[in-house]
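I opened the notebook to record what I looked up in this model, one entry to a topic. The sequence and structure come first, and my notes follow.

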Amino acid sequence: MEWIALANPSRFLGLAERLLPWLVGATALAFAAGLYAAFFVAPEDYQQGQTVRIMFIHVPGAWLGMLGWAIMSVAALGTLVWRHPLADVAQKTAAPLGAAFTFVCLITGALWGRPMWGTYWVWDARLTSVLVLFLMYLGLIALWRAIEDPSRAARAAAVLTLVGAINLPIIKFSVDWWNTLHQPASLLRLGTPTIHPAILVPLLIMVVAFTLLFFTLYVSAMRNEILRRRVRTLRLLQAQAARGF
Amino acid sequence: MNLGPYAAFIVAAYSLTLAVVAVLIAWVLLDYRAQQKILADLEARGMARRSEVSR
């Protein structure tokens, strides 16, 4: 079967039914391994002590906040170029998930910052650009809710999403371009990661666990949105039938 | 395990993350049930999409 065939909503529903039990199982196993490694294998950091354990949820939150917008940007191209309804669904359902994980990133960052930096918040480039990402997610969710016709809402959201994608490289390189309180990149950087393997391995397991959780929720939310659109279609048909069309 | 002098910050970070994840899981599960129920009600009233009628 060609990959494009999966872009049919009915085929997607069938695939989701088969895929979801595996995703749920893989997510649970990855979290069991990740949390064990985060609390019982990873040592204290020589500078940050036990607070380094907040990193195991803060970094995946940041990664998924940005991944959510990247997925929406690809789906936005599907909406604008091919006008495919499944691309609209993919755009719409990624927004609340991306917003939730960006919120996790912000809140865990604040709780990590207070003991390490002496403050919950500073208006430096990294923190501010992530806050802007969160606000853009909220704006996008509001836009989806404000326009009743799903295909019109999708086109408007797609334009906003593609414009907002400019923020992704700003977030990534903010620590290099400006003098920030936030530490420079230690994972996704040229050369090897700067984190010791004893902490890096648990972190990578947690990143995998959160990513699996994201896709479990994402596939579920896309399935729900397809059903919601079927409900909408049936209600429109019901209204037409009631008017005698 | 001893989480040291900043245990409250670590526990709060994990608790809030767990709460967010729990809300997301509840959202997709409840939404799925709601949509399925509405679809079943509509189909029980004889409503079907044109693509399903033509099969």
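Where in chain A does R83(A) lie? I found R83(A) in the loop between α2 (55-82) and α3 (85-117) of chain A, where helices (H or I, at least four residues) and strands (E, at least two) are DSSP runs numbered from the N terminus.

Before going further I noted that this is a predicted model, in which local features need pLDDT of at least 70 and side-chain atom pairs count only at pLDDT 80 or more, while totals for chains, interfaces and linings use all residues. Residues are numbered from 1 along each chain as its sequence is written, and chains are lettered from A and ligands numbered from 1 in the order in which they are written.

**Entry: the loop residue**

I looked up the backbone of R83(A) and found a phi near 50 degrees, a positive value in a residue other than glycine. Most residues other than glycine have a negative phi. For burial I used the count of other C-beta atoms, placed from the backbone, within 10 Å of a residue's own: buried at 20 or more, exposed at 12 or fewer, and partly exposed in between. R83(A) is partly exposed because 13 other C-beta atoms lie within 10 Å.

**Entry: chain A overall**

Chain A has 7 helices and 0 strands, and I read its elements from the N terminus on as α-α-α-α-α-α-α. Its C-alpha atoms fill a box of roughly 75 × 35 × 30 Å, taken along the principal axes, and 38% of its 245 residues count as buried. Taking two residues as in contact if their C-beta atoms, placed from the backbone, lie within 7 Å, I noted that residues 24 or more positions apart account for 77% of the contacts in chain A with a separation of 6 or more.

Two packed helices are described by the angle between their axes and the distance between the axes. The axes are lines fitted to C-alpha atoms, for helices over the stretch in contact, and the angles run from 0 to 180 degrees between N-to-C directions. Angles under 35 degrees count as roughly parallel, over 145 as roughly antiparallel, 65 to 115 as roughly perpendicular and the rest as oblique.

The axes of α2(A) and α3(A) come within 7 Å and cross at roughly 160 degrees, so I recorded these two helices as roughly antiparallel. Their contact divides into 18 nonpolar, 11 polar and 1 charged residues, with Ala, Val, Leu, Ile, Met, Phe, Trp, Tyr, Cys and Pro counted as nonpolar, Asp, Glu, Lys and Arg as charged, and the others, Gly among them, as polar.

I then turned to α2(A) and α7(A), whose axes come within 9 Å and cross at roughly 45 degrees, and which are therefore oblique to each other. On the α2(A) side the contact includes M55(A), F56(A) and W63(A), and on the α7(A) side it includes P202(A), M206(A) and F214(A). The residues of this contact divide into 12 nonpolar, 1 polar and no charged.

R223(A) is found in α7 (residues 197-243) of chain A, and it is buried because 24 other C-beta atoms lie within 10 Å. Leaving aside its neighbours within four places in sequence, R223(A) is in contact with L13(A), A16(A) and Y32(B). I also noted that R223(A) and E17(A) are 206 residues apart in sequence and 8.9 Å apart in space, C-alpha to C-alpha.

**Entry: chain B against chain A**

How many helices does chain B have? I counted 2 helices and 0 strands, and 13% of its 55 residues count as buried. Helix α1 (residues 7-44) of chain B has 38 residues that should span 56 Å, and its end C-alpha atoms are 55 Å apart, which agrees.

The buried residues of α1(B) are F9(B), I10(B), A13(B), T17(B), L24(B) and V28(B), and they pack against α2, α3 and α7 of chain A. Between the chains, 24 residues of chain B are in contact with 31 residues of chain A. The side of chain B that touches chain A has 18 nonpolar, 4 polar and 2 charged residues.

Note on methods
The expected span of a helix is 1.5 Å times one less than its number of residues.
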